[in-house]
Amino acid sequence: MTDLVAPLLEESTTIDAAPEKVWTLVSDLGRMSEWSPQVVKTIVRGRPIQLGTKMININRRGLLVWPTQSKVVRFEPQREVAFRVKDNFTIWSFTLEADGAGGTRLIQRREAPDGISNISRALTERMLGGVADFQVELGEGMRETLAKIKVAVER
């Protein structure tokens, strides 16, 4: 029996800066390798980032390196940017909420409402320790990503 894919993984942090300042960093998707422990490089096709923008990510875990293709599927300036990974059907997003005290609550989500692709499931089972373990690792990576963004914005 294979592990179940969580339909939603979510982590958040509060940043001591206005949403406009946080947005400047999180909407620059080409900088993902600065924050994400898994992303080595993001190639953005077209600037500025907008609905429909396409990207190629180079991801790494240990000696394993793999590319993914994605497309921006939600884009609301100062509020949310989300991209769908073509290869595994997941949607990754950053959502910004003013916290009422001049700061920003930054939420990162990984949505998998329809599960993940068969090829992604097979590779996760064989190469990444199984779906459940990899989801734990993704959550840890999300917390690390948010922490690095927080440090960069609050500098």
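Which residues does Asp 99 touch, not counting residues up to four places away in sequence? I looked this up first, keeping in mind that the model is predicted. Asp 99 touches Thr 14 and Thr 104.

**Entry: around Asp 99.** I found Asp 99 in the loop between β6 and β7. Is Asp 99 buried, partly exposed or exposed? Its relative accessibility is 35%, so I noted it as partly exposed, the class between under 20% and over 50%. I also checked how far Asp 99 is from Glu 137, which is 38 residues away along the chain. Their C-alpha atoms are separated by 28 Å.

**Entry: the sheet.** Next I traced the strands. Seven of them make an open sheet, and the order reads β1-β7-β6-β5-β4-β3-β2, with antiparallel pairing.

Strand β1 pairs with β7 (residues 104-111) in the antiparallel sense over eight bridges. One pair I picked out is Glu 10, whose bridge partner in β7 is Arg 109.

**Entry: helices on the sheet.** Helix α1 (residues 19-26) packs on the sheet and touches β1, β4 (64-76), β5 (80-85), β6 (91-98) and β7. I read an angle of about 165 degrees between the direction of α1 and that of β6. Helix α4 (residues 131-154) packs on the sheet too, touching β1, β3 (54-61), β6 and β7. The direction of α4 makes about 20 degrees with that of β1.

**Entry: the core.** The largest nonpolar core has 31 residues, and I listed the ones that touch the most other members: Val 22, Val 26, Phe 94, Leu 106 and Ile 149. Which element supplies the largest share of this core? It is α4, with seven residues.

Entry: Last, I went looking for open space. The largest pocket has a volume of about 830 Å³. It is lined by 40 residues, and those closest to its centre are Gln 38, Asn 59, Trp 66, Asn 88 and Phe 134. Here α4 turned up again, giving the most to the lining with nine residues.

How values were computed:
Residues numbered from 1 in each chain as written. Predicted model: local features only at pLDDT ≥ 70, side-chain atom pairs only at ≥ 80, totals over all residues. Heavy atoms only, no water. Pairing = 2+ DSSP bridges. Helix = DSSP H or I, 4+ residues; strand = E, 2+ residues; numbered from the N terminus. Contact = heavy atoms within 4.5 Å. Axes fitted to C-alpha atoms, helices over the stretch in contact; angles between N-to-C directions. Core = buried A, V, L, I, M, F, W, Y, C linked by side-chain atoms within 4.5 Å. Buried < 20%, exposed > 50% of the residue type's maximum accessible area, 1.4 Å probe, protein only. 1 Å grid on protein atoms, 1.4 Å probe; cavity = no way out; pocket = protein on both sides within 12 Å on 5 of 7 lines; lining within 4 Å. Points joined across faces, edges and corners; volume = space filled by probe spheres on them.
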